[in-house]
Amino acid sequence: MATTKIKQLNEWNTLHSNGPFPLKILYQTKLEGERVMPSKIERYNDAALEIQRLIKETKHAGEGFRAYGSAWSMNNIASNKDRMHFNGFMNISMPIHANECHQENTYDPTNLFLFECGNTIKEISETLAEHGKSLKTSGASNGQTIAGCVSTGVHGSGIDSGSVQDYVVGLNLIIGPNTEDNIFLEPKSKPVLLDNFVNSLNSRVIRDDDLFHAALVGLGSFGFIHGVVVEAEPVFLLKRYVKKIDKNLAFELANTMDFKNSAFVIPGESNAQGKANRPFHFKIFINQYSDDSDCVVEVMYKKPYQKNYPDPFPVIKESLYRDLIYLFVRLAENCPKSIPWLVKRLGNTILPEEQKETTGMLKEIFWDAPYQGPAFACSFGIHHRNSEKAMNLLSKLTREEGPIPGIFALRFVKGTKATLGFTKFPITCVIEIDGLLWKKTRKIMSLEEYSKRMIAVLKENNIPFTIHWGKNSYWKFPGLVNHMYGGSSDKWVEERKKLLSSEMQDMFTNKFIRIVGLD
Amino acid sequence: MKQIIFTLFVCGLSFLTSCYSVRLRNVNGAPQPDPFSNREDYYRGMAVVEIDTVITINLASKDFTYLIKEQDGCESGKLNIIEYRNTFGGILLSAITFGKKRKVKVKYVCQKL
């Protein structure tokens, strides 16, 4: 039997210390050992029963319940004041075989895998590599669990490959304590799994496009995500370049996404006519405190996998003295005028090394990001055509009403089908400022005030936007979700009501969901 | 007097600089998590096993091997990160006992199962 440890607590915090948030009980479920229960399906089903037992227990107590994985979200989206469940030890993975696929399945079965909720991106990538496969994209690092990524819309900078949820083709949700509450949800228009196989997971199939797309970025509120079926692809290499280019050229690319006709051509990355190839990944770093006419860009091109590529890892990775980071934070709080100077000093640590070329698999390029202390990140999604305009506005705000201890970066992601996916534009430009978490003083505004001003500035200038669900923001901003998603937010609420009983809706609703008005 | 101060300064400096840590981390594998831990260092969120002990070995033994076993904090019995700390006191202890006593100050995190 899977076993659960229980700890009574008063509060819980995220990895980057964005809380603390109140909490009564923290659960941690571990799978039955392989020696006792060698069958993966048996262990998977056994874990589902344990989760249902915990849901039943919570239901009897009339309390809330929320699952979380690596606690990487930087707000209270993963928190529940009553009970939380750490699912990091629930990490079974299984390849899907051709005879387990639906008759109308259109995916190559060798690319399909079932991953239990607590698998991290790193674990998944390693499992896939053993099968000669790779994820299509990931975030900038690899520590998030798959359920956490999907629920909040984690993205990289895949111009033509989208976010993590975009390669999820089926969801196994536990929506209550009863047998019929274990469901497998997939789109009706693109069925994946055979009913018999779904039944072997003690689940019943629901095929519904609207429901699937709503549950995809479900914000932890569509029940307990027990597993996801992902579509992988054959393993590939990424060749990464870091260049310093003219800001005007960088923004011309951002605004148009027209790499082919751009003056930005990297030798060896062009076609026979000398036109630039379309990159897999494009990222612009902007130090808003610098008047340098150039900026650093990171560009990656997809290449077929081959053995014997140069080792992408350095032998030594240094990290800053934690005390030095705390000193910078104190300096920023008490003498904000020093921030631009501090950012410049930290330039080599924050920005990638220029002129550097690296080749590696996706899992090697987007590798571990060791914890470096309390941090913040504010991340907006806008149409890529508004990249330059939005960047100028947010830079001006940060300079004139800040300064704030962080720098901006822009990434570009293909639009998502998820109803509340924050990468909702055909190509979403993700403008993010991240840096060290500071406290409000007489001399520097709070993160909340800064976030509120960012929203206000984009609204005043009629730039449609969304906000990354897992990042810092002023989520209380009146009418925020409706402004960002219009009718889609109502649709999301309706679909949720279709799936969950009113009791389960309450159980899987937390403060965050209430604040943004999605309850 | 100046000479004594200078000697003390040099001794103090060498004492401080002789204490340092070395960390080794696997490129592959995820560290075993610990949601109940509230560490705020490099190991935040990880299940860390810390050893701070003195091992006594036979005078005839050249070295020793400390075995990492499957246990609560190390369910896989496989290492993911290991950090050892070199201290002036440890070196001194080994020197004055002719290698019989060895200070072991190690932190490790095992691979997630």
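Predicted model: local features only at pLDDT ≥ 70, side-chain atom pairs only at ≥ 80, totals over all residues.

User: How many of the ten residues of helix α2 of chain A are buried?

Analyst: Helix α2 of chain A spans residues 121–130 and is mostly covered. Its buried residues are A:Ile121, A:Lys122, A:Glu123, A:Ile124, A:Ser125, A:Glu126, A:Thr127 and A:Leu128. What covers them includes β7 (93–95), β8 (112–116), β9 (133–134), α3 (146–152) and α10 (362–365) of chain A. The number of buried residues is eight.

User: Which residue meets the side chain of A:Glu123 in a salt bridge?

Analyst: The N to O distance in this salt bridge is 2.6 Å. A:Glu123 lies in helix α2 of chain A and its partner in the segment after β4 (101–110) of chain B, so the pair joins two chains. Both residues of the pair are buried. The partner is B:Lys112.

User: How many residues apart in sequence are the parts that A:Lys244 and A:Asp292 tie together?

Analyst: A:Lys244 forms a salt bridge with A:Asp292, the closest N and O atoms being 3.1 Å apart. A:Lys244 belongs to strand β15 (residues 236–246) of chain A, while A:Asp292 sits in the loop between β16 (281–286) and β17 (294–304), so the pair ties together parts that are 48 residues apart.

User: Where is A:His468 placed, and is it buried or exposed?

Analyst: A:His468 is in the loop between β22 (465–467) and α13 (480–485) of chain A. Leaving aside residues up to four places away in sequence, A:His468 touches A:Thr152, A:Gly153, A:Val154, A:His155, A:Ser379, A:Phe422 and A:Trp475. Its relative accessible area is 4%, under the 20% cut-off, so A:His468 is buried.

User: Which residues make the nonpolar surface patch of about 400 Å²?

Analyst: One of them, A:Tyr321, lies in the loop between β17 and α7 (322–334) of chain A. A:Tyr321 is exposed, with a relative accessible area of 68%. The patch is made by A:Tyr321, A:Leu324, A:Leu327 and A:Leu331.

User: What is the handedness of the link of B:Cys74 and B:Cys110?

Analyst: The sulfur atoms of B:Cys74 and B:Cys110 are 2.0 Å apart, within the 2.5 Å cut-off, so the pair forms a disulfide. B:Cys74 is in the loop between β2 (48–56) and β3 (79–86) of chain B and B:Cys110 in strand β4, 36 residues apart. Both cysteines are buried. With -90° about the S-S bond, the link is left-handed.

User: Which cysteine sulfur is nearest to that of A:Cys149?

Analyst: A:Cys149 is buried, with a relative accessible area of 0%. The nearest cysteine sulfur is 12 Å away, whereas a disulfide requires sulfur atoms within 2.5 Å, so A:Cys149 is in no disulfide. That nearest sulfur belongs to A:Cys117.

How values were computed: Residues numbered from 1 in each chain as written. Chains lettered and ligands numbered in written order. Heavy atoms only, no water. Buried < 20%, exposed > 50% of the residue type's maximum accessible area, 1.4 Å probe, protein only. Helix = DSSP H or I, 4+ residues; strand = E, 2+ residues; numbered from the N terminus. Contact = heavy atoms within 4.5 Å. Salt bridge = Lys/Arg side-chain N within 4 Å of Asp/Glu carboxyl O. Patch = residues over 30% accessible without salt bridge, like charges linked within 9 Å, V, L, I, M, F, W, Y side chains within 5 Å. Areas by Shrake-Rupley, 256 points an atom, 1.4 Å probe, with all protein chains shown as cover.
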